[in-house]
Amino acid sequence: MARVLSLIRPQPILALVGRPKPTFCKMSMDSRARKVFAAAVEAVQPDTVIRKSIERTEDSVLIDGRRFTLKHNLHLVGFGKAVLGMAAEVERIVGDHLVNGVISVPHGIQQTLRQHGKSHLLLKENSRIKVMEGAKHNLPDDDAQRAAEGIKRLASELTEDDLLLVLISGGGSALLPAPIPPISLQDKLDVTRRLAAAGATIQELNKVRRALSLLKGGGLAHYAHPAQVVALILSDVIGDPLDLIASGPTVRSEVWPEEVLSILERYKLPDSLSASVKDVLARRGPRWKENKDEAEASGDVLNVVIGSNSVALQCAGCCVRDLGFRPVVLSPGVCGDVKSVSRLYGLLARFASSREEPPPEIAAEVLRLGPEVGVESWDLCRTMQVLGEGRTEGWGATCLLAGGEPTVELTGSGRGGRNQELALRVGLELRGLELPPKGPVFLSGGTDGQDGPTEAAGAITDGGLYDEAQAQGLYIDNVLTDNDSHTFFSHLSDGKRLLVPGLTCTNVMDVHMLLVPAIPIKIS
């Protein structure tokens, strides 16, 4: 442990030459935090990520370093919550070569975009792309299944001269349900619900979903062969694993029925399976008969992640510099229980705010928490080293940026979500530290614009939260027991701490930020 801790001891800097001077800013800490969050969300807007990923030159496009010729051979399919805006931008860039398209999007999304003045994310009136809405309440339904059938039909009719552009974003799995006949949509839902209730892992759930689906796990790419397939992906999964985002319809991930049966047996579910599911799983071998031509066609599929939590944090960092802070990115993959995550941010705040060398116990506990919150020890050591140097050498204000998707253990029936509860818990961790503008401020917000069932995306907090609540007769212990963070923040100071960005039209998980003002130092 001593060797690890030595990595975070600040190294002396002999000169200040080349050190960036922070921009002077009169905005409050609260306002700056909100502005940084807005910059993170703007960076992963559906039209923005498409515009940055497709470079049009006459009758060709450059995507991820590969050039594709356009000769009125472009077809488009898509599925996900952000896909409508993605498709609208594709139409603006290469619509003159577009033959047809089908996209599966959430129920009511077109009307919602119109009501919120987001018409730039809608297709033009004479569009060749068919919009099909479905998956009410984010659950697969008959409308979504009809859309999936339309997408499969389009892909199946393509030739080797065609280019299929596939747009994928969060929510795509529910919007692309295509169970293998004779399995019904309800049969498939029943199997996955029973597995989830029995405690199956996400990896096991995805293997079962893929084995019972025509389009997941590379199925869409299979039906599109021999056409060239290019998938542009807006990731809402930690680590951006291509096979997990919307269950990987363009990523070959074969699952054999025998393997699925072993998973079902592990959770004692075979006896409860419907006759149709048993029929499909009784078929030995892979889902599709593989031929030599297709086996060698892996080069015909290009999967590109064009938007993610990392992209959002990178752009947030640029905004942070403009607002007078030095950005430090901890990790885009923070996960685990909010209790552990809040403890981590509280410790890092104390580490960065200390006017003296912080006790080694703080660094030791930060490193101990790392595995619980999905952050590597190296990233924690690097972050503490930068925070320590900023404190001891007078670099000025610092902004710690991170992202991911923590979890909340539900013990009550209140209203709220992981971001509001995380902000509430971090506020308790910051108790005793100076108040802004001399003390740190923490923000946690969901980039999808909502936190659980509420209209808020998250909240902003600082070391004065506890006393502020006490003065207004609000008791935090009861709030946490009942998971009622939204009610708490709504009542606290008339909701001024709530983060309510409105309709964001995107989702790359959550953004966390800890703004630490400059710590006065003595120059000897």
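**Reading the labels in this fold**

User: Asn138 is found in the loop between E6 and helix H6 (142-156). What makes the phi of Asn138 worth a remark?

Analyst: First, keep in mind that this is a predicted model. Phi of Asn138 is near 60°, which is positive, and the residue isn't a glycine. Most residues other than glycine have a negative phi.

User: Is Asn138 buried, exposed or partly exposed, and how do you know?

Analyst: Its relative accessible area is 41%. Buried needs under 20% and exposed needs over 50%, so 41% makes Asn138 partly exposed.

User: What about Met509: buried or exposed?

Analyst: Buried: the relative accessible area of Met509 is 3%, and the cut-off is under 20%. Met509 also has a positive phi, near 70°, without being a glycine. You'll find Met509 in the loop between strand E14 (498-499) and strand E15 (510-516).

User: Why are E6 and E9 called edge strands?

Analyst: Look at the order in that open sheet of 6 strands: E6-E5-E4-E7-E8-E9, with parallel pairing. Strand E6 (129-134) and strand E9 (301-307) each have a single partner strand, so one side of each has no neighbour in the sheet. From one strand to the next, the twist averages 15°.

User: How do you know that E4 and E7 count as a pair?

Analyst: Pairing takes at least two bridges, and 6 bridges join strand E4 (residues 74-79) to strand E7 (residues 163-168). The two run parallel.

User: What makes H17 largely enclosed by the rest of the structure?

Analyst: Burial: 10 of its 12 residues are buried, so the rest of the structure largely encloses H17. Among them are Leu422, Leu424 and Val426, along with Arg425 and Glu429. As for length, helix H17 (residues 418-429) reaches 16 Å from first C-alpha to last, close to the 16 Å expected at 1.5 Å a residue.

User: Where does Pro437 lie, and what is its peptide bond like?

Analyst: Pro437 lies in the loop between H17 and strand E12 (441-446). The bond from Pro436 to Pro437 is cis, with omega near 10°. The bond from Pro181 to Pro182 is cis too, with omega near 10°, and Pro182 lies in the loop between E7 and helix H7 (185-197).

User: How do you know the whole chain is as compact as a globular protein of that length?

Analyst: The chain has 20 helices and 15 strands. Its radius of gyration is 25 Å, close to the 24 Å the globule rule gives for 524 residues, so the chain is as compact as a globular protein of that length. Of the 524 residues, 56% count as buried.

How values were computed: Residues numbered from 1 in each chain as written. Predicted model: local features only at pLDDT ≥ 70, side-chain atom pairs only at ≥ 80, totals over all residues. Heavy atoms only, no water. Helix = DSSP H or I, 4+ residues; strand = E, 2+ residues; numbered from the N terminus. Axes fitted to C-alpha atoms, helices over the stretch in contact; angles between N-to-C directions. Expected span 1.5 Å × (residues − 1). Buried < 20%, exposed > 50% of the residue type's maximum accessible area, 1.4 Å probe, protein only. Rg over C-alpha atoms; globule rule 2.2 N^0.38 Å.
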